[in-house]
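Please keep the sequence and the three-dimensional view at hand while reading.

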Amino acid sequence: MSTPRPYGNSIARYFGYGEVGEDDAEQKLQDLKRHKTKRRLWTLASVIGGGVVFYFSLVVIEFDLAMLFNQIPQFVDALYGQNNYFPPGELFGIPFVDLGAYWSFMMEENLILTIEGGRIIWGAMFVTLAVAFAGSVLGLPTALVFGVMASERVIPYPFNFAFRATMSLIRAIPGLVWFLILIPLGGVGPFTAALAIMIDTTGYLGRLFTDELEEIEDGPIEGIRSTGANRSQVVSFGMLSQVFRQFIAWIAFDLEHNVRAAIGLGLIGGGGLGLELYVQRQTFHYTNMMACIILIFLLAGSVELISQRVRSYLREEDDVEKSGVMEALINAPKNILSSTMGRRGR
């Protein structure tokens, strides 16, 4: 008759710390249980640690749920009413949101564009787009240089570390801070905002370029070297040729990000829609604020849609949607509805 094992040893064996014989299968099973126990403990510790940090974060920001409920009536008043977010209108006795109030403000403040004396005056929306596009283009060459030089495939360690450290320093400082730093150089305006985006693009886009170069295959590189190509030819035809599509996709994504960054810079004096939004907020003209928000949504959404279309065209999969920008924009409501109905039907 076998001797019954102690209860305590059974628990220890369950968690992978019990006594086992010399059987390899049992030892392997105990190792697997031990690793599983450690993962669970680390997961539990991470959840507890995250919960503690979250609690202290709420204490630091003075989070007050009761205050939010008390402010709901004031927020509702700001939504509806004269000179509020959604100005009331009436058509044949039916109430609706007066969209004409938004359009009137856009035209009066030249948020889009106007034509005076045969001359086109670009509005705040195009100023925001120009800041983002100019900053992206200005930062692209330095991002490419730093991204290539930071790769260990091009510059061996530790010499590539100087380029990596520079890009890390750039990313450590937010674009808003770069704008403040550059004010003595370019003043307060769209020009300085474009310079800030240029620097920001160098850090972020350069890092993305570096990551792509680290993942390329060695075969094409060795093939180019076998032809007697020099170092620059190996980099151009053996390395950059492998990531050309990825580079273009990341450039489109970065432009999309920079449009949003340009709006944020406008809030602190960088011009464009962000500046107009800040001015209207200071004067508590909520209707005008909503007009700016509508244009921000249209601008950011349009750039994001174009960026997404560009990235789709660059993918190699045959089943990727290849519709044009206008077609995608027109079909967007139908696609969203069909996708939603499809999920409900599952």
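**Overview**

Tyr-85, Phe-284 and Tyr-286 are joined into a cluster by ring pairs. The model is a predicted one. The points below begin with aromatic rings and then turn to helices, backbone angles and a pocket.

**Aromatic pairs**

- In total, the structure holds seven aromatic pairs.
- One of these pairs is formed by Tyr-85 and Tyr-286, and it is tilted, with 5.0 Å from centre to centre and 40° between the planes.
- This pair links distant parts of the chain, 201 residues apart: Tyr-85 is in the loop between helix H3 (65-79) and strand S1 (88-91), while Tyr-286 is in helix H13.
- Tyr-85 has a relative accessible area of 16%, so this residue is buried.
- Tyr-286 is likewise classed as buried, because its relative accessible area is 18%, and the cut-off for buried is under 20%.
- A further aromatic pair, Phe-209 with Phe-247, is stacked, with 4.0 Å centre to centre and 25° between the planes.
- Because Phe-209 lies in helix H8 (residues 190-214) and Phe-247 in helix H11, the pair ties together parts that are 38 residues apart in sequence.
- Phe-209 is buried, with a relative accessible area of 1%, and Phe-247 is buried at 8%.

**Leu-205 in helix H8**

- Helix H8 also contains Leu-205, which counts as buried at 1% relative accessibility.
- Which residues does Leu-205 touch, not counting residues up to four places away in sequence? They are Leu-140, Ala-143, Trp-250, Ile-251 and Asp-254.
- From C-alpha to C-alpha, Leu-205 and Thr-142 are 9.4 Å apart in space, whereas in sequence they are 63 residues apart.

**Helix H7**

- The buried residues in helix H7 (residues 175-186) are Gly-175, Trp-178, Phe-179 and Leu-182.
- Seen down the axis of H7, these buried residues fall within an arc of 100°, and therefore they line one face of the helix.
- Leu-180 and Pro-184, on the other side of H7, are exposed.
- The cover over the buried residues of H7 includes helix H6 (161-172), H8 and H11.
- Gly-187 follows H7 and has a positive phi, near 80°.

- Which residues of H12 are buried? The buried residues are Gly-272, Leu-273, Gly-274, Glu-276, Leu-277 and Gln-280.
- H4, helix H5 (124-149), H11 and H13 are included in what covers these buried residues of H12.
- Just after H12 comes Phe-284, with a positive phi of about 60°, although Phe-284 is not a glycine.
- Phe-284 is placed in the loop between helix H12 (272-282) and helix H13 (286-314).
- At 47% relative accessibility, Phe-284 counts as partly exposed; this residue also belongs to the ring cluster with Tyr-85 and Tyr-286.

**Positive phi at Asn-110**

- Asn-110 is not a glycine, yet it has a positive phi of about 55°.
- Where is the place of Asn-110? Asn-110 is in the loop between helix H4 (99-108) and strand S3 (113-116).
- Is Asn-110 buried or exposed? Asn-110 counts as buried, because its relative accessibility is 16%.

**The largest pocket**

- Rolling a probe the size of a water molecule over the atoms shows where empty space is left.
- About 230 Å³ of space lies in the largest pocket.
- The lining of the largest pocket has 13 residues, and those nearest its centre are Arg-245, Gln-246, Ala-249, Leu-314 and Arg-315.
- Helix H11 (244-270) and H13 are the elements that give two or more residues to this lining.
- H11 gives the most to the lining of the largest pocket, with six residues.
- By type, the lining residues of the largest pocket divide into five nonpolar, three polar and five charged.

Notes:
Residues are numbered from 1 along each chain as its sequence is written. This is a predicted model: local features need pLDDT of at least 70, side-chain atom pairs count only at pLDDT 80 or more; totals for chains, interfaces and linings use all residues. Side-chain values use heavy atoms; hydrogens and water are left out. Helices (H or I, at least four residues) and strands (E, at least two) are DSSP runs, numbered from the N terminus. Buried means under 20% relative accessible area, exposed over 50%, partly exposed in between (1.4 Å probe, protein chains only). On a 1 Å grid over the protein atoms alone, a cavity is a set of points where a 1.4 Å probe fits but cannot get out, and a pocket is an open set with protein on both sides within 12 Å along at least five of seven lines; lining residues have an atom within 4 Å of a point. Grid points are joined across faces, edges and corners, and a volume is the space filled by probe spheres set on the points. Ala, Val, Leu, Ile, Met, Phe, Trp, Tyr, Cys and Pro count as nonpolar, Asp, Glu, Lys and Arg as charged, and the others, Gly among them, as polar. Rings of Phe, Tyr and Trp (its six-membered ring) pair if their centres lie within 6.5 Å; planes under 30 degrees apart count as stacked, over 60 as edge-to-face and the rest as tilted. Contact means heavy atoms within 4.5 Å. The arc is that of the directions from the helix axis to the C-beta atoms.
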